[in-house]
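Open the model in your viewer and keep the selection tool at hand. The stops below go from the whole chain to single residues.

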Amino acid sequence: MILGTQNPVVGKEEIYQISDFSGGIFAGNDIQYFWYLWRKQKNGTWLDITKKEPKSGAKVTYKLGETFLGTQFKIQVYKATKNVLTQKFDTRLFGELIIVPTSSKKPSIERVILFNGGSKDVNKAHYSDTLTARAHCVAMFNQTVEFHLWEDDAEGPGHNPTVNKNNKHSVPFTAKVNEKGIAEASIKLLKHEKILKSIANKYLMKGDKDEGKNHEYYVTASYYGKIQGANQVNVNVANPDYKKEQPKQQTSSTHQSPSTPKPQEPKKPVSQPQKAQPKQNTPKFPATKISSAPRQADVQARITDAYFVNNNGQKLSKAVVGDWVRVCIHTSNMIGKHVQYVVWEYDALGFNDEISRSGRLEVKGNVITTGGFTITEKMFEKGADIGDSESQNYFIEVLPLDVSAYSKRFGVSSDGLMEVEKVKSTAVVKGQKQIEQSSTCICKRYDLVWGDKIGCNERKKVIEVAKNLGVDPN
């Protein structure tokens, strides 16, 4: 019914025309066509973005900007036919076409990262940890990236495909590319520990007797089966089977051969007092208080979670400018301690913007719900960069102020971010709500005429077109 590409290139003018074999396109002013453009919103509804006067004719052009890359649109054409007897126009929905703008750039994976977000050193991990594989992509919105985990036995930097040819874990980890051009997959090492350890211990680096203290891992990212990139810095996962070689103890004998010299007794090392060291896998926070007393390692104090909630304590995944939000923090064994939270605007390239920072908060229970704050336009503007002037994503960093453990960030993965949208003026939003809540929509009068063949929005559009032509919609 509508001819034209379903994947128009952004910034390029594309032609769309109707295919009508009824002979109507040759009927002059007796048949007219009106074009309307709808944009799909994040909540799944369609927004009419047609200009005040819709395009008309059998052929039109559309040009969509770079900001609409990957957004779904719907083109609708209405056909108005003049009745020979009454000379009135009969308007009906003629056809529609779904289009998704694409980029003129060639799809590619520009950068691949593997890291342990739960560790102070993101390049170190244990088999109980979850690693994150992230690919930065170009012109690949909503496409699938496939990650594979490899154990590195090649010497020096880089990855030797010949040396590591047998070191790939067969299970792929897949992820969709989001609107920011990022694909992110979680790799739970514990779930694959048995297979990974067997791969790591089966093959050794040239010249090595064993795998050593760590197993070195990296990921490759593939698109349509072709590897397009790999992370350059390995993640060292502690080898639980590694045992430090103990020095061999010499045994003495009462019967020594005259020709065999008596072995000298090894000198006893002078004992030195050993300074206690914190365990590698315990959290360590930067303390802000200066004290002359020795600092004790608090291995039990934990900040386990933090997220945004509304006034009713319900967890939020979305908010708009003007909303009042609160921060809920979960702790363990920290009563009497103090924390501070920072709200950041997430940037895929790592240049996060600080949106809000709390004061000093005392932990009075395992769950803290803060007084909260209003997301103002000024806050929103702090995080406004290219591509996020209409919608942003926030995460929370919790800083312990008087315990020695790691500071922690919550919601920084793609799935955990809270989306914040910049909405229209209050008057416009109020008007939209009134329309949505109205139970006497103008199109209801025509239900008996058109039944359920077309939806409410289409009926309203027919009425609008008919009024522009000065005819009765019936």
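**Whole chain**

Of the 474 residues in the protein chain, 37% are buried (buried is under 20% relative accessible area, exposed over 50%, partly exposed in between, with a 1.4 Å probe and protein chains only as cover). This is a predicted model, where local features need pLDDT of at least 70, side-chain atom pairs count only at pLDDT 80 or more, and totals for chains, interfaces and linings use all residues. Residues are numbered from 1 along each chain as its sequence is written, and side-chain values use heavy atoms, with hydrogens and water left out.

Colour by secondary structure: the protein chain has five helices and 28 strands (DSSP runs numbered from the N terminus; helices are H or I of at least four residues, strands E of at least two).

Select residues 130-138, which form strand 11. Seven of the nine residues there are buried.

Ser108 stands opposite Val138 of strand 11.

**A loop residue**

Next, select Ser19, in the loop between strand 2 (14-18) and strand 3 (31-40). Is Ser19 buried or exposed? Ser19 counts as buried because its relative accessibility is 19%. Beyond its neighbours within four places in sequence, Ser19 is in contact with Met1, Leu3 and Phe94 (contact means heavy atoms within 4.5 Å).

Notes:
Two strands pair if DSSP finds at least two bridges between them.
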